[in-house]
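Welcome! Have a look at the structure first, then try each task before you read on.

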Amino acid sequence: MKLDTIIQGGTLVGATGTTRADIGIRGERIVAIGSGLAKLQPNGARIVNARGRYVIPGGIDVHVHLELPFCGTISSDDYDSGTKAAACGGVTTLIDFAIPYGKETLQQGLDNWHAKADGKACIDYTFHMAITNWARQHKDIKRIFKQGIPTFKQFMIYEKEGWQSDDAAIFGALETLKDLGGMLLVHAESSRVLDMLIARHHNKAEMKKHGAYLHTITRPNFVEAEAIERVIHWTRVTGGRSFIVHMSTADGAELIKRAQSDGVDILAETCVQYLVLDDRVFKKKGGHLYATCPQLKRPADQRRLWAGLRSGGVCNVSTDTCTFKTKQKAMWKGDWTKIPMGMPGLETLLPLVYTHGVLKRRLSVSEFVDKCCTSPAKIMGLYPRKGALRVGSDADVTILHPSKKRKVNWRKMETNCDWSPVQGWELAGFAEHTFSRGTQIVDNYKFCGRNGHGRFVPRDHVGRP
Ligand code: URP
Ligand code: ZN
Ligand code: ZN
């Protein structure tokens, strides 16, 4: 069979092991895996030398917000800069959240998100659909499902944004999605207690004294833990399937582990910032830049989340990319409740998990691929089209140098941001080359793809890691 491209001599890394082999690509797919593929192609496929490199399935970031109207502004990475950043970080598929605003229907919310991405995206993408008003929107869930969206999201906080869901809405969504074979994603924080803690500390004296550290003071671990307990309860009694997004606490990881061993069909991701940053950043000059939601926790939480990735209770690592520039972050003017919440992340996801996971021996290289590529694909219904180096899979391939480090410098990155939460950090694991459906989109660490190459990927099921 004629091949277009051969990725030659690399160490292919899968979720369960590594092997030395060539990858043959024709059109958009992987069509051959084996040794000596070039010898079978005398008429010249393009050869990409991957000797001494790891060759992995492109990363999958299942939690991304691009061009999100939020906290009184709009997140600064859109489908142009965000997907270029993803490509340079070795991520070849992202999942964003389509969110209806005001009185919009689910369909209008979804159409709006298609319009943001269509013709602009440089990598493949799909959406989770946010349910922001159960009474008005629940009857449209099936219709959205049929358009390739089996994953829905509810927020237990964000009353002011008009996004909040109560227990009845969560219960109803779990029941409905169970019947359809879908999955409910939940932002789990206990809103009434959180609001009370915020009100208790929202005064000039404390804001002057603690600044952005009030984020930590008002979001103790039990704010997340109580909410996760409730989701576990509703998941158990409905027999539905749920997924806790951006889990940030050791307490949450313990609850999920226990629930899973009791047979509750619940999964939980963490985000890379909860693994490598902790709440001491809020005490630094410029600490307000790190405000995200949920906020960063403590080193003990980090240790528990890494352990959960290893033992299975934490099923994948994503970013919750929601980029705000310094000017946007400056809107806080000393009041932590007004800081736009979120950070850039897509470009450094794989490098951070590789460097702080694999090189620090917290994860094997296969576990790294499992948590950043294969399990996210399986859980979100993208596997084996995505997340695998298999004959028949999309030729989404990332090539990494196993040890060469590059210094993070936002000035030289694709993300549309003027700061980085990991500025100056030395990281290995950036994409030396990235292929998206057979097309090279990163060459020697430089983006070389094009807008409009990325496509919407419809999904019709969800799965397990
Ligand atoms: O701070 C964050 N994470 N912003 C995005 C909204 C959310 O809660 O995921
Ligand atoms: Zn959230
Ligand atoms: Zn989010």
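A residue is called buried when its relative accessible area is under 20%, and exposed when that value is over 50%. Keep in mind that this is a predicted model.

**Exercise 1. Decide whether valine 408 is buried or exposed, and find what surrounds it.**

Step 1: Locate the residue. Valine 408 sits in the loop that links strand S17 (406–407) to strand S18 (426–427).

Step 2: Apply the cut-off. The relative accessible area of valine 408 is 2%, so this residue is buried.

Step 3: Look for partners. Setting aside neighbours within four places in sequence, valine 408 has contacts that include Thr348, Met413, Trp425, Leu427 and Phe430.

Step 4: Glutamate 426 is 18 residues from valine 408 along the chain, and their C-alpha atoms are 6.4 Å apart.

**Exercise 2. Work out how many residues of helix H1 are buried, and which strands they pack against.**

Step 1: Name some of them. Among them are Ser81, Lys84 and Cys88.

Step 2: Find the packing partners. The buried residues of H1 pack against strands S9 (91–98), S19 (431–436), S20 (439–443) and S21 (446–447).

Step 3: See what comes after the helix. H1 is followed by glycine 90, which has a positive phi, near 85°.

**Exercise 3. Describe the site of the zinc ion (ligand 2): which residues coordinate it, and where do they lie?**

Step 1: List the protein atoms. His187 (ND1) and His246 (NE2) coordinate the zinc ion (ligand 2) at 2.1 Å.

Step 2: Histidine 187 belongs to strand S12 (residues 183–187), while histidine 246 is in the loop between strand S13 (242–244) and helix H10 (250–261), so the pair ties together parts that are 59 residues apart in sequence.

Step 3: Histidine 187 is buried at a relative accessible area of 1%, and histidine 246 is buried at 3%.

Step 4: Judge the geometry. The angles among the 4 donor atoms of the zinc ion (ligand 2) run from 54 to 151°, and the site is irregular.

**Exercise 4. Now treat the zinc ion (ligand 3): which protein donors does it have, and what is its arrangement?**

Step 1: List the donors. His63 (NE2), His65 (NE2) and Asp320 (OD) lie 1.9 to 2.1 Å from the zinc ion (ligand 3).

Step 2: Read their spacing. In sequence, these donor residues follow the pattern H-x1-H-x254-D.

Step 3: Histidine 63 counts as buried at 1% relative accessibility, and histidine 65 counts as buried at 6%.

Step 4: Judge the geometry. The 4 donor atoms subtend angles of 86 to 135° at the zinc ion (ligand 3), and the arrangement is irregular.

Step 5: Connect the two sites. The zinc ion (ligand 3) and the zinc ion (ligand 2) are 3.9 Å apart.

**Exercise 5. Find what the side chain of glutamine 440 reaches.**

Step 1: Locate the residue. Glutamine 440 is part of strand S20, and its relative accessible area of 12% makes it buried.

Step 2: Follow the side chain. The side chain of glutamine 440 makes a polar contact with the side chain of histidine 433 at 3.1 Å, and also reaches the backbone oxygen of valine 442 at 2.9 Å.

Step 3: Not counting residues up to four places away in sequence, glutamine 440 touches residues including Arg46, Phe435 and Cys448.

Key. Residues are numbered from 1 along each chain as its sequence is written. Chains are lettered from A and ligands numbered from 1 in the order in which they are written. This is a predicted model: local features need pLDDT of at least 70, side-chain atom pairs count only at pLDDT 80 or more; totals for chains, interfaces and linings use all residues. Side-chain values use heavy atoms; hydrogens and water are left out. Helices (H or I, at least four residues) and strands (E, at least two) are DSSP runs, numbered from the N terminus. Buried means under 20% relative accessible area, exposed over 50%, partly exposed in between (1.4 Å probe, protein chains only). Contact means heavy atoms within 4.5 Å. Donors are N, O and S atoms within 2.8 Å of the metal (3.2 Å for Na, K and Ca); water is not among the atoms, so sites may look incomplete. Four donors count as tetrahedral if all angles lie between 85 and 135 degrees; four count as square planar and six as octahedral if opposite donors are over 155 degrees apart and all others between 65 and 115; anything else is irregular. A polar contact is a pair of N or O atoms within 3.5 Å; within protein, one must be able to donate a hydrogen and the other to accept it, and residues adjacent in sequence count only if both atoms are side-chain atoms.
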